[in-house]
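Please look over the model below before reading on. The briefing then takes it one topic at a time.

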Amino acid sequence: MQAVKSWLQTTPYADYEISIASADASFRKYYRLTRGDKSFLLMDASLEKESLAPFLNVTKRLAHAAVNVPKIYEQDLKKGYLVIEDFGNTHLLSQLTQENFKELYKKAIDEIIKMQKTDAKGLPPYDKAFLHFEMDLMREWYLKKKLGISLTQAEAEILEGTLDVISKTVLTQPQNIFVHRDYHSRNIMLRRDGELGIIDYQDAMSGALTYDLVSLLKDCYISFDREAILELVLYFRDKVAPQVSDKEFIKWFDFMGMQRHIKVLGIFSRLHLRDGKEGYLKDIPLTLHYTLDTAQRYDETKEFATLLKRLTQ
């Protein structure tokens with residue numbers, strides 16, 4: 001923290017008190033700067049300086065689309081520091097209950113619709129190669145390194161065939177749309193004014209219509225009844241693609257969910273094994289449940305569901 005304190009001496013925030021706010025799944029750290037009733041966040045990306053330019057780029061795009069993103073007050077790209085607006089400590093995750101989740105999720109869905117009006121030109125494409133790159137993390141980090149499983153040739157063929165079906169189905173839905181990529185309840189803040197604040201979007205890409213909807217409604221940190229979730233899926237559909245049938249849109253949503261959760265099984269395992277972040281281990285069971293529950297609902301993925309269930313029991 002000493003390097004941060006030294007840098008602050010060169011800014012208008014030299015006499016602010018500094019305290020640890022949070023760390024995320026990357027190598028970024030966040031500090032809260034306070035003086036009286038004023039509060040700001042300092043983003044320390046000194047170990048990940050390359051993430052700042054994308055953060056600034058996407059912040060500008062989202063702000064232009066009237067999405068509630070943090071204002072930026074101070075920046076030093078060489079050292080890796082930003083001073084940004086403080087949305088407070090209240091994540092959506094801490095406020096979701098059986099009684100209010102539909103209302104809060106609808107507010108969050110409305111933010112997705114705003115985000116999808118953002119200019120996605122020039123953002124990295126969520127193409128077939130990248131969809132598979134992500135899903136391959138499961139085999140490498142979850143099956144092989146965490147569970148110690150080496151697939152037989154027959155098992156590997158089932159897996160590869162399933163991943164191919166998933167990516168093909170994902171790519172049948174509208175593409176080239178702004179994708180936050182990590183739009184879940186820990187990255188949505190309930191601001192003091194009651195509005196939602198959106199954070200952690202620097203890895204945004206250009207991809208599928210339902211990606212952020214899946215991140216929100218099939219959140220790896222909390223879950224709700226599938227029938228209620230599907231009502232919200234169709235609430236989104238009615239606003240963005242009313243011409244698409246319930247069955248087809250739900251299939252888009254479910255296959256996008258399988259892609260994301262297969263990837264996340266690998267990412268959570270990697271965060272534990274490579275980065276020493278054990279806190280994500282507790283989130284693997286829900287992620288696995290989502291994957292199995294969805295895979296067994298479709299003929300194209302039932303064989304994969306049987307295989308994955310056997311390998312993980």
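The model is predicted. The second largest pocket has a volume of about 170 Å³. Strand S5 spans residues 81-85, and helix H4 spans residues 128-146.

**The second largest pocket**

- Thirteen residues line the second largest pocket: 13 in the count, with Phe224, Arg226, His289, Tyr290 and Asp293 nearest its centre.
- Two helices, H7 (226-240) and H9 (284-295), each supply at least two residues of this lining.
- H9 gives the most, with four residues.
- By type, the lining holds six nonpolar, three polar and four charged residues.

**Strand S5 and its partners**

- S5 is mostly covered, with five of its five residues buried.
- Strand S3 (residues 38-44) is joined to S5 by five bridges, and the two run antiparallel.
- Leu42 has Val83 of S5 as its bridge partner.
- Strand S4 (residues 72-76) is joined to S5 by four bridges, again antiparallel.
- Ile72 has Ile84 of S5 as its bridge partner.
- Asp76 stands opposite Tyr81 in S5.
- S4 and S5 form a hairpin, with four residues between them.
- Gly80 sits in that turn and has a positive phi of about 95°.
- In a regular strand, side chains alternate between the two faces of the sheet.

**Helix H4**

- H4 has 19 residues.
- From first C-alpha to last, H4 reaches 26 Å, close to the 27 Å expected at 1.5 Å a residue.
- Which residues of H4 are buried? They are Leu131, His132, Glu134, Met135, Leu137, Met138, Trp141, Tyr142 and Leu143.
- An α-helix has 3.6 residues a turn, so residues three or four places apart point the same way.
- Gly148 follows H4, and its phi is positive, near 70°.

**Glu195**

- Glu195 lies in the loop between strand S7 (188-190) and strand S8 (196-198).
- Why does Glu195 count as partly exposed? Its relative accessibility is 36%, and partly exposed covers the range between under 20% (buried) and over 50% (exposed).
- Glu195 and Asn68 are 127 residues apart in sequence, yet 8.1 Å apart in space, C-alpha to C-alpha.
- Leaving aside neighbours within four places in sequence, Glu195 is in contact with Asn68, Lys107, Met189 and Leu190.

**Phe27**

- Phe27 is found in the loop between strand S1 (17-23) and strand S2 (29-35).
- Phe27 counts as partly exposed because its relative accessibility is 43%.
- Phe27 and Leu47 are 20 residues apart in sequence and 6.1 Å apart in space, C-alpha to C-alpha.
- Leaving aside neighbours within four places in sequence, Phe27 is in contact with Asp44, Leu47, Glu48 and Asp275.
- Asp44 falls within the limits of S3, residues 38-44.

Definitions and conventions. Residues are numbered from 1 along each chain as its sequence is written. This is a predicted model: local features need pLDDT of at least 70, side-chain atom pairs count only at pLDDT 80 or more; totals for chains, interfaces and linings use all residues. Side-chain values use heavy atoms; hydrogens and water are left out. On a 1 Å grid over the protein atoms alone, a cavity is a set of points where a 1.4 Å probe fits but cannot get out, and a pocket is an open set with protein on both sides within 12 Å along at least five of seven lines; lining residues have an atom within 4 Å of a point. Grid points are joined across faces, edges and corners, and a volume is the space filled by probe spheres set on the points. Ala, Val, Leu, Ile, Met, Phe, Trp, Tyr, Cys and Pro count as nonpolar, Asp, Glu, Lys and Arg as charged, and the others, Gly among them, as polar. Buried means under 20% relative accessible area, exposed over 50%, partly exposed in between (1.4 Å probe, protein chains only). Two strands pair if DSSP finds at least two bridges between them. The expected span of a helix is 1.5 Å times one less than its number of residues. Contact means heavy atoms within 4.5 Å.
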